[in-house]
Structure formats: structure tokens, C-alpha cells
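Dear colleague,

Please find below the structure that I am handing over to you. My notes on it come directly after.

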Amino acid sequence: MTPAASVPADGPLARFALRSAAWAERWFPDAYVFAALGVVIVALAALAFGATPTATAFGDGYWSLIPFTMQMAFVVIGGYVVATAPAVARVIDALARVPRSGRGAICYVGLISMLTSLLSWGFSLVFGGLLVRALARRDDLDMDYRAAGAAAYLGLGAVWAMGLSSSAAQLQANPASMPPGLLAITGVIPFSETILLWQSIVLTAVLIAVSLVVCFVTAPRGGSVRRARDFDGAERFASEEKHAATLPPRQRPGEWLEYSPLITILLAALSLGWLVYEFSAKPAVSAIANLNTYNFVFLTVGLLLHWRPRSFLNAVARAVPSTTGVLIQFPLYGGIASLLTAAKGGDGQSLAHHLSTVFVHIASTETFTLVMGVYSAVLGFFVPSGGGKWIIEAPYVMQAANDLQVHLGWAVQVYNAAEALPNLINPFWMLPLLGVLGLKGRDIVGFTFIQLLVHIPLVLGLLWLLGLTLTYHPPVMP
């Protein structure tokens, strides 16, 4: 490798971003620690307002999000299972033949990552990573592996929450998944009032276009390009990936059903029968808004694509470790939500009520989107979970939206767009992608940091401007 190829990124801003990422990796604890500290801080705040006993509220809420926790875990599993199916691998190889230049390949990855994230952020991370791997095998492409990895992360870092896998929009459209305290504040907010608003579609389109421009102008060229072969982790993963994709031969007679498509055919027939009934009984948008149906579609498609149960089970086994953070942290978020809404202070009011009062005092109907957007973005770095953080924020920010008469669906979209901003530099959700690429967070965060600098004023400005075109509607109860 030449000295020029060892340059970490182009320009002083990218070098500063890499130094910041290295500092964060050294000094920032695991995201679980932030969630646990959140419990302690909220409990102390509730005690300060005279709430007793807070331990009861925390314990009552701890398991309140189990259905939603499993739903979010299956978003990851379903996306991974589909993205790693052999048939999809062939599609990825075909897609990898399209780009004609390294910079074009990076923009191409970014576009596909963002478009697929609107369907499933879990699928986007894995699919985007595998596409980068396939492009990296092309010797004729002068593509920087780090910049391509950063582009593959743009789906989760920029627009995922504006699509079907938005945790907040899905939760608000599903009253059975919501904590009772939140349902009483917001009612049911269908997709037509959140991700399908024309304002949301315009915001998403602008974000995609601007992100691709940033990808193009920041892509290294010439001697500063670093290929996949320059990273030991990437080379090691290449052999592991090939081994994982190959189904080992059957060794025992008892395994014959695992290798036979018979079980797949029978299960798929039952699953497809139910899906046909579900989508014929209600509008497609309403059907897919149900998280159970959404996940069921992905699991059924994944089962069919893998064809043999053993291949399907192997993919699930590789996906499960990526759900660790969701499984262990979401109960803490449920406890925080209960402390916010159920622990009453000496005046008989909850901490959520007091926080919403603060929002009402410092914001107006016109400035609410800016205040909420900045707050959600800052908190998102410490609580890197779209669904879990929404459970924490929603009780008081949505109450404030009601008090200030801000369009409730747009308040959800303000959260969605702003919450994604810290993802661009937070390594928590990078982990599945980094595992696929064999990279470290510091390898790509220099490029995503530049995206963050561009996105902050763009997102906040558009949220405020587009929010002026919407009017308030009272909550609709199921």
C-alpha cells in the first residue's frame, strides 16, 4: 500500500471527524449504560417531584413493551434472512455489474441503501453491506471501500424512519402495541397522517438527493482510495461469508426434513393463505401498517427464498446476535415510559405532564418542530433506538403537541427525521453493517460526519417550513 493510500480521508473536516470518532470509541460506554442511566435519572426526577414509590412504576413498566420488543427484533431478523438468501445474493451480483466508476458505485450504493431502508432498515443494512462486498470484488472499479460502507449506512442514517419500518409511525398506527398512557394522549395515527403525507414524501426525496450529492463530492479518488484488500477484517469476512452461504451436506437420517423443501412448502402455503386473506380484507396500507403482518411478510418471503429449512435456520442464527441491544434495552425503555406517565408527584401530576409544560412554555405552535427536532436529535445520540426512544419521548412531546395544537402526525415525522440524525455518527446501529463489511466505526464515520453537517440545517429547516402547511386534528381513539 502506498503512503497516499493510507490517508484516512480527504480534507481537514474528515480528519477531524475521524479523530472525534476515535475519541468516542475510546470513552463512550455501551448504549445499555446510557439506557440504565436514563432509568436512574428519570426515577430521581420523579422523586424530586414527590412521586412515590417509583420502584413500583418501574417494575410495572419493565415488561410492558415485550410485544413491541419482539416485533422490533423480528424486523432485524426478517431483513437479514431475506437479504442473505441465495436468490437475493444472485440479484446483488447482478446489481454490482451496473456501476462504471468508483464514485458512481458509491452513489449507487447510497441510493439503493436509502430506497431499501424505506421498506426495512434491517434489510437495508445487510443488503447494502453485501452489495458493497460484491462491488469490492470488481478490480476495474476504483472504489473507496470506506466511502462505500458509509453510503451503505445512509439508509439507517438518513431516511429509514420516513418509510414503512419507522418504529414511531408503526407504533402509533397499532393501538395494541402502545402503552395505555400514550394511547390516551395521541390516539391512533394512521400512516396517511405520518409517512404518507405529501410533506413527508417531499422531505424524503430532498434528503435522498442531497445525500447522494454529498456522497459524490466526498468520495476519495486516485492515491487516497483504499480498497477492501487494505482491511484485514474485510478479507477475513469474505471467506466467512462464502462458508456461511454454503449449506453443508446432510450427515444424519434425522436431518432429511431440514434439507427437504416439504416443510417450507406447507408452511408457506399456510402463511400465504393468511396474507391473501389479510390484504383482501383491508386496504394494503392498513394491512402492512400492522407490525405483525409486516414481519410475517418478511419471514414468509425469507423462508421461500431459502427454500430448505436448514438454510433458513442458519440465516436466523446469524441474525439473532444483531438483536441483542433491542432485547436487553427495550425493557428499560418500558420502565422509563412508566416512570414518566404512571409515577404521580405530590401535586398528582406525572413527570410527563411537567415536561410537556416545559415544552409549551419554551415553544410556540410555529417553533415546536424546531424545539422538538433539536431535542430528539440530541437525545438520540444517548438513546440510539427509534422505537424505544419514542416510547420515552412521546408521552410529553405529544401532550405538548396537543396543547400547542400541532399536527400530531407531523410531530411523529419531526421525531422520525430528527431521530435519524445522530445515527450518522453513533456506532450502535452501525454494528450489523460493520460486521458484514469487516470494518470498524472509525473507518466510515468520517464520511457520515460530513453527511451529518449537511443534514442538520437541511432537516430542521424543512421540518419547520413544511410543518407550516399542516393544521391540527384532535386525537382519534380506537
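The notes below go from the whole chain to single elements and residue pairs.

Please bear in mind that this is a predicted model. The average pLDDT of the protein is 81, and 86% of the residues reach at least 70. Residues 1–9 are a stretch where pLDDT stays under 50, and the model gives them 20 contacts beyond four places in sequence. Where pLDDT is low, the predicted coordinates should not be read in detail.

Overall architecture

The protein contains 25 helices and zero strands. Of its 478 residues, 56% are buried. Among contacts between residues at least 6 apart in sequence, 81% join residues that are at least 24 apart. The protein exposes about 19700 Å², of which carbon and sulfur atoms supply 69%.

The C-alpha atoms of W160 and S117 are separated by 4.8 Å, although the two residues are 43 apart along the chain. W160 has a relative accessible area of 4% and is therefore buried.

Helix 17

Helix 17 covers residues 291–306, 16 residues in all, and its first and last C-alpha atoms are 22 Å apart, close to the 22 Å expected at 1.5 Å a residue. Its buried residues are L291, T293, Y294, N295, F298, T300, G302, L303 and H306. An α-helix has 3.6 residues a turn, so residues three or four places apart point the same way. After helix 17 comes W307, which has a positive phi, near 70°.

A nonpolar surface patch

W256, L257, L262, I263, L266, L267 and L270 make a nonpolar surface patch of about 660 Å². Two elements give two or more residues to this patch, namely helix 14 (256–259) and helix 15 (262–281). Helix 15 supplies the largest share, with five residues.

Salt bridges

How many salt bridges does the structure hold? There are four, and three of them are described here.

The side chains of D93 and R137 form a salt bridge with an N to O distance of 3.2 Å. D93 lies in helix 5 (residues 86–95), whereas R137 is in the loop between helix 7 (121–136) and helix 8 (145–152), so this pair ties together parts that are 44 residues apart in sequence. D93 is partly exposed, at 34% relative accessible area, and R137 is also partly exposed, at 48%.

A further salt bridge joins D140 and R138, with the closest N and O atoms 2.8 Å apart. Are its two partners buried or exposed? D140 counts as exposed, at 57% relative accessibility, while R138 is buried, at 14%.

The side chains of D144 and R146 also meet in a salt bridge, with an N to O distance of 2.7 Å. D144 is buried, having a relative accessible area of 0%. R146 counts as buried as well, at 2% relative accessibility.

With kind regards

Notes:
Residues numbered from 1 in each chain as written. Predicted model: local features only at pLDDT ≥ 70, side-chain atom pairs only at ≥ 80, totals over all residues. Heavy atoms only, no water. Helix = DSSP H or I, 4+ residues; strand = E, 2+ residues; numbered from the N terminus. Expected span 1.5 Å × (residues − 1). Buried < 20%, exposed > 50% of the residue type's maximum accessible area, 1.4 Å probe, protein only. Patch = residues over 30% accessible without salt bridge, like charges linked within 9 Å, V, L, I, M, F, W, Y side chains within 5 Å. Areas by Shrake-Rupley, 256 points an atom, 1.4 Å probe, with all protein chains shown as cover. pLDDT = per-residue confidence, 0-100. Contact = heavy atoms within 4.5 Å.
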